[in-house]
Amino acid sequence: MLNQRQIIKDLLQSTAFDTEVHVKGWVQTTRMNPYIAFIALNDGSTINHLQIVADISIFGQEFIDKIKNTGTCIAVTGKLVESQGAGQRVEVQATQIELYGESDPVSYKLQAKRHSMEFMREIAHLRPRTRTFGAILRIRHTLAYAVHKYFNDNGFFYLHTPIITGSDAEGAGEMFRVTTLDPVNPPLTEDGQVDYKQDFFGKPTNLTVSGQLEGELGAMALSKIYTFGPTFRAENSNTTRHLAEFWMIEPEVAFNDLEDNMNLAEDFVKYVIGYAMEHCGDDLAFLENRLIEEEKNKKQEERSPMLLLEKLRFVLDNPFERLTYTEAVDILVKSKPAQKGQFKYPVSWGIDLQSEHERYLVEKHFKKPVILTNYPKDIKAFYMRQDDDGKTVRAMDVLFPGIGEIIGGSQREERYEKLHTRIKELHIPEESLWWYMETRQYGTAPHAGFGLGFERLVLFVTGMTNIRDVIPFPRTPQNAEF
């Protein structure tokens, strides 16, 4: 058989009828009558299957029985014709079928039925073969491509920031240590502490939680940069919104202030979501239908406030509402849920707003995406530019329906003395940030940026409810399988 292969996605749109084609893929389902086998074949290029029509008298019942099972891998040569059946416009009348790999119908873990998400996480090596996860992975790819396309087309430079670092960008302390020292008998100093001078890097190092600080260095030379890479957090949180390994998108722009930063965030996120809607229509329609079926068994109050495509259009069609944290707290305090004690977490100035508060602002009060700014400095990172009131910083959070915060960013503190004082107030080791501080001494400039957790974006666009289902191989507490 020829090695040439045609893509099923292309063939489903083809009008080159009565021509010979060569396709390869995995059997999804097989229907049979005494004379014909109808095989649904998929190669991962699309959520839709290509129907293969195999004459049993030509191939023999014994051979058809070998290839009919879900998961079997085959190569098919045949004629592309207009389909006479319902549900597909084209099909392939097979003249040759080569069996690559059989699939035992008894032991194969993926059968032609719906499996639970929990079970699918246990077989993450096989779950990309399902329609749901195939759709998610194609959308994930499209979003990643859109990220790079947006920044490239807008004059940004892609900066590869380090994965191994000696600093804690967020000051959270929840980091994975990187070491080559003997875990049982590490070298010790005279006072009994681990002697990291004998470690590979000569000091304690960790997996990064953010590329932002290094990204700022790039922006001070190239003006507009972005990072897009893996980040890590050793937070022992078994929730639907946390991963130990995840990907972060972090643009940083010299000479931008908070207003510029908000404009960039809104334009960027609308672009990538719009790109996915334009190029992943079939996958998004499938996931929306899946969501509708799932929610039929839920109580009305537990159902999503919007269907998937409606939610995505909600972001694209509405200008983002912009207000300060202080204004938002005032709205929340006066709201009916607060007055009636319906918020799980009470609202007052100075708290870190919870998802329920953020979603109320987006879904109930403004009915559009929201950007909150000027948060209390005590709940934000050390590097954010301090406002003149001494209480707040030029931070911003972008809030979406159904999810709450999706983007966090700020104008950075470019003034050396202000930054130095803040670092001392928070007892951050100055020696670990000497290089960061020097950028404020030599040609300092206003600059701003933000971070968007890529999995959070994929979660929003796909309508999935657990972040572990939008990354191929989730890393979570007590789980580093595959």
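1. The model is predicted, so local features are reported at pLDDT of at least 70 and side-chain atom pairs at pLDDT 80 or more, while totals for chains, interfaces and linings use all residues. Residues are numbered from 1 along each chain as its sequence is written, and side-chain values use heavy atoms, with hydrogens and water left out.

2. Strand β10 (residues 224-232) has eight of its nine residues buried, so the rest of the structure largely encloses it. Here buried means under 20% relative accessible area, exposed over 50%, and partly exposed in between, with a 1.4 Å probe and protein chains only; helices (H or I, at least four residues) and strands (E, at least two) are DSSP runs numbered from the N terminus.

3. Strand β10 is joined to strand β11 (residues 245-254) by nine bridges in an antiparallel arrangement, and T227 stands opposite E250 of β11. With strand β6 (residues 157-158), β10 pairs in the parallel sense over two bridges, where Y158 stands opposite Y226 of β10. Two strands count as paired if DSSP finds at least two bridges between them.

4. Y158 and Y226 also belong to a cluster linked by ring pairs, which includes Y145, Y150 and F450. Across the whole structure, 23 aromatic pairs are found. Rings of Phe, Tyr and Trp (its six-membered ring) pair if their centres lie within 6.5 Å, and planes under 30 degrees apart count as stacked, over 60 as edge-to-face and the rest as tilted.

5. The pair of F320 and F400 is edge-to-face, because the ring centres are 5.9 Å apart and the planes stand at 90°. This pair links distant parts of the chain, 80 residues apart, with F320 in the loop between α9 (308-317) and β12 (321-324) and F400 in strand β14 (residues 392-400). F320 is buried at a relative accessible area of 5%, and F400 is buried at 0%.

6. Two rings also interact with a charged side chain: the charged end of K311 sits over the ring of F460, 4.5 Å from its centre, and R440 lies over the face of Y436, 4.2 Å from the ring centre. The criterion is that NZ of Lys or CZ of Arg is within 6 Å of the ring centre and within 35 degrees of the ring normal.

7. F200 lies in the loop between β8 (177-178) and β9 (205-207) and is exposed, with a relative accessible area of 61%.
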